[in-house]
Amino acid sequence: MNIICFQPIYQERVWGGDALATKLGRSLPAGKVIGESWEVVDRPEACSVVLGGEFNGQTLRQVLLSSSPAIMGPRWQAQRPFPVLVKWLDASDRLSLQVHPPARVATELKGEPKTENWYVADADPQAAFFVGFKHGVTRTQFEAALRTNDLEPLIHRIPSHKGDSLFVESGRLHALDGGNLILEIQQNSDTTYRVYDWGRVGLDGKPRTLHIEESLKSIDYNDFEPEALHTAGSSGEVVLVDSAIFRLRKISLPAGGRLSFAAQQEPRLLHIVEGEVTETATKTTLTRSQNVLLPYAGAYDFISQQGAVVLVTDRFGG
């Protein structure tokens, strides 16, 4: 079975810019402030459309309904949504300070838990992450600072660099600061609670909605000064995430390097973050920024003529 490629779904965001065009070579909608490209998604409000191959023009939902044993494996229930959502994020400006609800409170709040990982494909010199609290900050201090609009001194801020990876579990307070180009791998969820938006207005000129009560119930107040994983210059394979939600690996291929996957093991997602790779049987070349699905039924052998860096998401089938 062939590799499945998808058409990107571009989303306007007040913090977006033009990095998807200037750094990834994408052709973006004219006159729009694009902050996100949804690369692989299976949700009621947005669903990826296959580009090329036997499923060309079908949505990911339609493909799973018709062919789930071949795509996801024989135990997969066709009605079950694809479990992972993949996005490119152009954080030209900083995102809101936000949190995703942990499973224990998501049902109460009528939301969905959302655990994700950020991989930095490129970063400006001033780029950074806001993640967790500084040591010793209490919930009482946080709520008081929220009332006076003085949260930033309490939040742990760390520089971000190309090749960094940050795991953001549900419950972790976080925000991207400006200057980050991020590949985000996440649970299939779109529940985000904004707790603070830096006094900013949205694209319509009005303050964006905040979710104070929901955020306060969702935040992990014992999450102090987490650090990113630094992988710049790494060789071979580095495990970025090994969680109950998904596993994510970074694989650096030298010139002439190969990467192979056997058939009938599990579905996988392949993300090209540097260079390009060619699938030897079909001569399909995947270039930087592409995110593709490798179905359960297929075997794949990739070679990189000039060297490449790829991420592989697997163990998400359940």
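Mentor: The discussion below concerns a predicted model, and each term is set against its cut-off.

Trainee: Why is Lys206 called exposed?

Mentor: Lys206 has a relative accessibility of 54%. Exposed means over 50%, so Lys206 counts as exposed. Lys206 lies in the loop between β15 (193–196) and α5 (212–218).

Trainee: What makes Trp198 buried?

Mentor: The relative accessible area of Trp198 is 19%. Buried means under 20%, and therefore Trp198 is buried.

Trainee: Is Lys283 buried or exposed?

Mentor: Lys283 has 62% relative accessibility; because the cut-off for exposed is over 50%, Lys283 counts as exposed. Lys283 is found in the loop between β20 (268–279) and β21 (284–287). Phi of Lys283 is near 60 degrees, a positive value in a residue other than glycine.

Trainee: Why is Val33 called partly exposed?

Mentor: Val33 has a relative accessible area of 28%. Buried requires a value under 20% and exposed a value over 50%, with partly exposed in between, so Val33 is partly exposed. Val33 is placed in the loop between α1 (19–22) and β3. The C-alpha atoms of Val33 and Ile251 are separated by 32 Å, and these residues are 218 residues apart along the chain.

Trainee: What makes Tyr296 buried?

Mentor: Tyr296 has 17% relative accessibility. The limit for buried is under 20%, so Tyr296 counts as buried. The loop that holds Tyr296 runs between β22 (291–294) and β23 (300–304).

Trainee: Which residues of α2 are buried?

Mentor: The buried residues of α2 are Leu60, Arg61, Val63, Leu64, Ser67, Ser68, Ile71 and Met72.

Trainee: Which residues have the most contacts inside the largest nonpolar core?

Mentor: They are Leu60, Ile71, Phe82, Trp88, Leu269 and Leu293, in a core of 35 residues. Helix α2 (residues 60–72) gives the most to this core, with five residues. A second, separate core has 22 residues, including Leu109, Leu151, Val195 and Leu216.

Trainee: Why might such residues be found together?

Mentor: In soluble globular proteins, nonpolar side chains tend to be buried together.

Trainee: Which residues are closest to the centre of the largest pocket?

Mentor: The largest pocket holds about 440 Å³ of space. Of its 25 lining residues, Arg13, Glu36, Asp190, Thr192 and Arg194 are the closest to its centre.

Trainee: Which strand gives the most to the lining of the largest pocket?

Mentor: Strand β2 gives the most, with four residues. At least two residues of the lining come from each of β2 (9–17), β3 (34–40), β7 (84–91) and β9 (116–123). By class, the lining has seven nonpolar, eight polar and 10 charged residues.

Terms used: Residues are numbered from 1 along each chain as its sequence is written. This is a predicted model: local features need pLDDT of at least 70, side-chain atom pairs count only at pLDDT 80 or more; totals for chains, interfaces and linings use all residues. Side-chain values use heavy atoms; hydrogens and water are left out. Buried means under 20% relative accessible area, exposed over 50%, partly exposed in between (1.4 Å probe, protein chains only). On a 1 Å grid over the protein atoms alone, a cavity is a set of points where a 1.4 Å probe fits but cannot get out, and a pocket is an open set with protein on both sides within 12 Å along at least five of seven lines; lining residues have an atom within 4 Å of a point. Grid points are joined across faces, edges and corners, and a volume is the space filled by probe spheres set on the points. Ala, Val, Leu, Ile, Met, Phe, Trp, Tyr, Cys and Pro count as nonpolar, Asp, Glu, Lys and Arg as charged, and the others, Gly among them, as polar. A nonpolar core is a set of buried Ala, Val, Leu, Ile, Met, Phe, Trp, Tyr and Cys residues joined through side-chain atoms within 4.5 Å.
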